[in-house]
Amino acid sequence: MSTIDKIWFTRCPVPTASGLAYNLGWLDEEFGEVGVLQDAGPELSERHFDHRLLGLFREGGNVPALAARSEGAPTRLIGLTWIEEWQSILVRPDSGITGAAGLRG
């Protein structure tokens, strides 16, 4: 069995509880030195998506976690929250596009 010698965390670039706890020093107080994946450099940045870093926890959207699990990563879902949001596609008023079919091509 592997030993965890450092806790890592990663998050989407939005305000999160883990980001606040890190900025206030609470994670370091609890776990010792905590690594922030976004600050670790390109050699570890892929771990945000594939979850293949021992001692990593991630706070963010569920799609990367589902994709990592489907590819065999030993990731576990601890909690899930939902934020109401919407998506839109904006076009110039003079484009002539009035519906989704107008986006073709």
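## A histidine in a loop

His51 is found in the loop between helix H4 (47–50) and strand S3. Keep in mind as you explore that this is a predicted model. Is His51 buried or exposed? Its relative accessibility is 11%, and buried means under 20%, so His51 counts as buried.

Who are the neighbours of His51? Setting aside residues within four places in sequence, His51 is in contact with Leu56, Arg58, Pro64, Ala65, Ala68, Ala73 and Thr75. With Thr75 there is also a polar contact: the two side chains are joined at 2.8 Å.

Now look at strand S1, which covers residues 7–11. Four of its five residues are buried, so strand S1 is largely enclosed by the rest of the structure.

Strand S1 pairs with strand S2 (residues 34–36) through three bridges, and these two strands run parallel. To find this pairing, look for Ile7, which stands opposite Val34 in S2. Strand S1 is also joined to S3, by four bridges, and again the two run parallel.

## The largest pocket

How much space lies in the largest pocket? The answer is about 1,200 Å³. Its lining has 31 residues, and the closest to the pocket centre are Arg58, Glu59, Gly60, Leu77 and Gly79. Two elements give two or more residues to this lining: strand S3 (56–59) and helix H5 (62–70).

Sorted by class, the lining has 15 nonpolar, 10 polar and six charged residues.

Conventions
Residues numbered from 1 in each chain as written. Predicted model: local features only at pLDDT ≥ 70, side-chain atom pairs only at ≥ 80, totals over all residues. Heavy atoms only, no water. 1 Å grid on protein atoms, 1.4 Å probe; cavity = no way out; pocket = protein on both sides within 12 Å on 5 of 7 lines; lining within 4 Å. Points joined across faces, edges and corners; volume = space filled by probe spheres on them. Nonpolar A, V, L, I, M, F, W, Y, C, P; charged D, E, K, R; others polar. Buried < 20%, exposed > 50% of the residue type's maximum accessible area, 1.4 Å probe, protein only. Pairing = 2+ DSSP bridges. Polar contact = N/O pair within 3.5 Å; in protein donor to acceptor, adjacent residues only side chain to side chain. Contact = heavy atoms within 4.5 Å.
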